[in-house]
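Trainee: I would like to learn how to read a model like this one. Can we go through it feature by feature?

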Amino acid sequence: RTAGRTRWSLTRESQECSDEINGILNETMSVSGQLLVKLFGREDREYERYRAANEKMINLNIRESMAGKWFMVILNTTSSVGPMLLYLAGGILMMRYNSDITVGDITVLVGLLGQMYRPVNQLLNIQVDWIRSMAMFTRIFEYYDMPAEIQNAPDAVIPESTDGSVTFDHVEFYYEPDRQILKDVSFRLKSGDCIAIVGPSGSGKSTMINLIPRLYDAVSGTITFGGIDVKKLDLHFLRDHVGIVSQETYLFNGTIRDNLLYARSDATEQELIEACKKANIYDFISSQEKGLDTMVGNRGLKLSGGEKQRISIARVLLKDPALLIFDEATSALDSISEQKIQEAIEPLIQSRTSILIAHRLSTILAADEILVVSGGVIVERGSHAKLVKAGGVYTELYNTQFSKATAADPDHSDYRVENHIYPGDEY
Ligand SMILES: Nc1ncnc2c1ncn2[C@@H]1O[C@H](COP(=O)(O)OP(=O)(O)OP(=O)(O)O)[C@@H](O)[C@H]1O
Ligand SMILES: [Mg+2]
């Protein structure tokens, strides 16, 4: 029993330890991880961390194979002492008490005893293996038993088509109960329109859009997509029709083609090229020796932030979603990359329903309505012309962030803003 229990906890511990080792390897071997380690000169620390984890693993393995050894010692001793005792007792009986027992009887007894020991030994070993396997299974089932937080409604509807419109009706949201992130958020995005969401960092912009494809569920209030409550829509349908270019672009290790096909595996070569052209990345791809088959990621070409973003725009375009969401990266891109992204998204949002989380004035100006979010609340809404005069959060953001970004970039100077594609607005 005790041997079993020690083994149980040791097996668990060694599983956790091997998880840790895998974690360290994944972390430090990735491109960004490697870069971080180098930039902060922490090679020694990482080496030490890896060494320590391995040492722990070695110790655990030794302890694991040692656990229950004393038990085996007892077992083995009895199995060798047993026959000895039998011979001794038999001998005494034969010589002292002239018993009827013969040497043959004793030999047979010893032989039988040996036969008995074997199954007992095997049974005990089974217990040890059993415990080891159970400890592993328990850990595996722990993962299986975690409930999926977002589930398809049993009577989920799959509409034939959707217009991509979105409404938020008194939506409240928090990740942890004691810290509310979104408060009473309501807005309406008509089909074909474009809304820009602006606000300080951490105000809840990304959280807001993540509620639409149900990465999280609103705590209260309703969100509809194409006029239907997202909780009643089939999850696959919903996620198929909402395309997000997220703030942190992620590309898999593989070729550019693999990454694009991830959105739609049956896309033709022509469609791939078309999407890349629309995302303003085709020139870059075709300048590469291997074109679409260029490797990217850890073992391939290291792309710049802007290039990655444009590839992920192309990826979303292949999906051809009814609603396009663009969570603009906060990182400063140089004016040329910025302009290329700008040129890529402007025509896109004119033809489809879209939400832009914007940090740049040029992006904001392309929207039909601007929502200003601060502390999880929509504090202002309207057109750029109206908001900039209002003297609120937007004016402040404009003065500190947007106008500076524009002024720092001669190609984007104010005349461009004034001659913007929306002549209806006065600036
Ligand atoms: N998965 C999460 N679990 C817990 N808290 C989170 C999670 N994601 C975000 N938060 C918190 O929610 C708040 C809003 O985050 P969010 O990412 O929506 O901000 P944001 O407006 O997109 O900011 P930025 O402009 O910097 O991207 C932040 O304070 C953040 O700490
Ligand atoms: Mg964000």
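Trainee: Is serine 14 buried or exposed?

Mentor: First, the ground rules. This is a predicted model, where local features need pLDDT of at least 70, side-chain atom pairs count only at pLDDT 80 or more, and totals for chains, interfaces and linings use all residues. Residues are numbered from 1 along each chain as its sequence is written, chains are lettered from A and ligands numbered from 1 in the order in which they are written, and side-chain values use heavy atoms, with hydrogens and water left out. Buried means under 20% relative accessible area, exposed over 50%, partly exposed in between (1.4 Å probe, protein chains only). Serine 14 has a relative accessible area of 9%, so it is buried.

Trainee: Where is serine 14 found, and which residues does serine 14 touch?

Mentor: Serine 14 is part of helix α1, residues 2-29. Helices (H or I, at least four residues) and strands (E, at least two) are DSSP runs, numbered from the N terminus. Contact means heavy atoms within 4.5 Å. Leaving out residues up to four places away in sequence, serine 14 touches Met57, Leu60 and Glu64.

Trainee: Which residues coordinate the magnesium ion?

Mentor: Look for donors: N, O and S atoms within 2.8 Å of the metal (3.2 Å for Na, K and Ca). Water is not among the atoms, so sites may look incomplete. Here Ser206 (OG) and Gln247 (OE1) coordinate the ion, ligand 2, at 1.9 to 2.4 Å. The two are 41 residues apart: serine 206 sits in helix α6, glutamine 247 in the loop between β6 (242-245) and β7 (254-255). Serine 206 is partly exposed, at 22% relative accessible area. Glutamine 247 is partly exposed too, at 28%.

Trainee: Which atoms lie 2.6 Å from an oxygen atom of ligand 1?

Mentor: Think polar contacts with the ligand: pairs of N or O atoms within 3.5 Å. A polar side-chain atom of serine 201 is at 2.6 Å from a ligand 1 oxygen. A side-chain N or O atom of serine 206 is 2.7 Å from an oxygen of ligand 1. For glycine 204, a backbone N or O atom lies 2.9 Å from a ligand oxygen.

Trainee: Which elements give two or more residues to the shell around ligand 1?

Mentor: They are β1 (166-176), β2 (179-189) and α6 (205-210). The largest share, 3 residues, comes from α6.

How values were computed:
A polar contact is a pair of N or O atoms within 3.5 Å; within protein, one must be able to donate a hydrogen and the other to accept it, and residues adjacent in sequence count only if both atoms are side-chain atoms.
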